[in-house]
Amino acid sequence: DTCGAIICVEDLPRTCIGNTSDEILKLISANDKLRVCLDTNHLMQETPMDFIKKVGDKIKTLHISDYDFVNECHWIPGEGKINWHELYQALQDVGYDGVWMYEVGRRHLRDVIGRDLELPDFYKNANEIFNGEDLTVFSSSK
């Protein structure tokens with residue numbers, strides 16, 4: 001309490017505990033000070049937007065990455081299937097004011113673009129999302 005720390009419970013994929021908004025809400029009901037870390041790459045049973053709408057202002061931090069709705073991929077937004085403009089709007093709708101923290105494998109596009117992702121790539125990606133612009137897609141899979 002004295003240091004101002006917040007304990008956040010992260011949603012987990014597949015059959016792990018906390019794999020839906022209902023389970024997360026049940027888990028954090030153990031203590032009214034618990035909050036949530038939304039990992040956008042882990043939701044296999046509901047969309048990130050549905051999760052955000054249900055969990056709302058209990059979300060205090062994020063792990064941002066994209067995926068194919070089948071497996072965890074940890075891709076930079078735009079490489080998978082998440083609608084990032086819709087996700088960002090859902091976060092705004094619930095008053096999210098925390099960090100925008102990427103959890104992306106830097107090397108996942110090395111074979112496509114011939115280099116690791118770098119800080120300017122993440123900066124550009126975030127600004128494209130925040131400004132409602134088309135996302136730069138590095139791969140040829142889209």
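**View A. Buried residues of helix H5.** In this predicted model, helix H5 buries Asp 121, Phe 122, Asn 125, Ala 126, Glu 128 and Ile 129. These residues lie on the same side of H5, because the arc they cover around the axis is only 160°. An α-helix has 3.6 residues a turn, so residues three or four places apart point the same way. Helix H3 (84-93) is included in what covers the buried residues of H5.

**View B. The other side of helix H5 and the residue that follows.** Leu 119, Pro 120 and Tyr 123 are exposed on the other side of H5. The helix comprises twelve residues, 119-130. From first C-alpha to last, H5 reaches 17 Å, close to the 16 Å expected at 1.5 Å a residue. Gly 132 follows H5 and has a positive phi, near 70°.

**View C. The three-stranded sheet.** Three strands form an open sheet in the order E1-E2-E3, and their pairing is parallel. Strand E1 (8-10) and strand E3 (59-63) are the edge strands, each pairing on one side only. From one strand to the next, the twist averages 30°.

**View D. Pairing of strands E1 and E2, with helix H1.** Strand E1 runs parallel to strand E2 (residues 35-39), and three bridges join the two. Within this pairing, Cys 8 stands opposite Arg 35 in E2. Helix H1 (residues 21-28) lies across both E1 and E2. The direction of H1 is at about 150° to E1.

Definitions and conventions: Residues are numbered from 1 along each chain as its sequence is written. This is a predicted model: local features need pLDDT of at least 70, side-chain atom pairs count only at pLDDT 80 or more; totals for chains, interfaces and linings use all residues. Side-chain values use heavy atoms; hydrogens and water are left out. Two strands pair if DSSP finds at least two bridges between them. Helices (H or I, at least four residues) and strands (E, at least two) are DSSP runs, numbered from the N terminus. Axes are lines fitted to C-alpha atoms, for helices over the stretch in contact, and angles run from 0 to 180 degrees between N-to-C directions. Contact means heavy atoms within 4.5 Å. The expected span of a helix is 1.5 Å times one less than its number of residues. Buried means under 20% relative accessible area, exposed over 50%, partly exposed in between (1.4 Å probe, protein chains only). The arc is that of the directions from the helix axis to the C-beta atoms.
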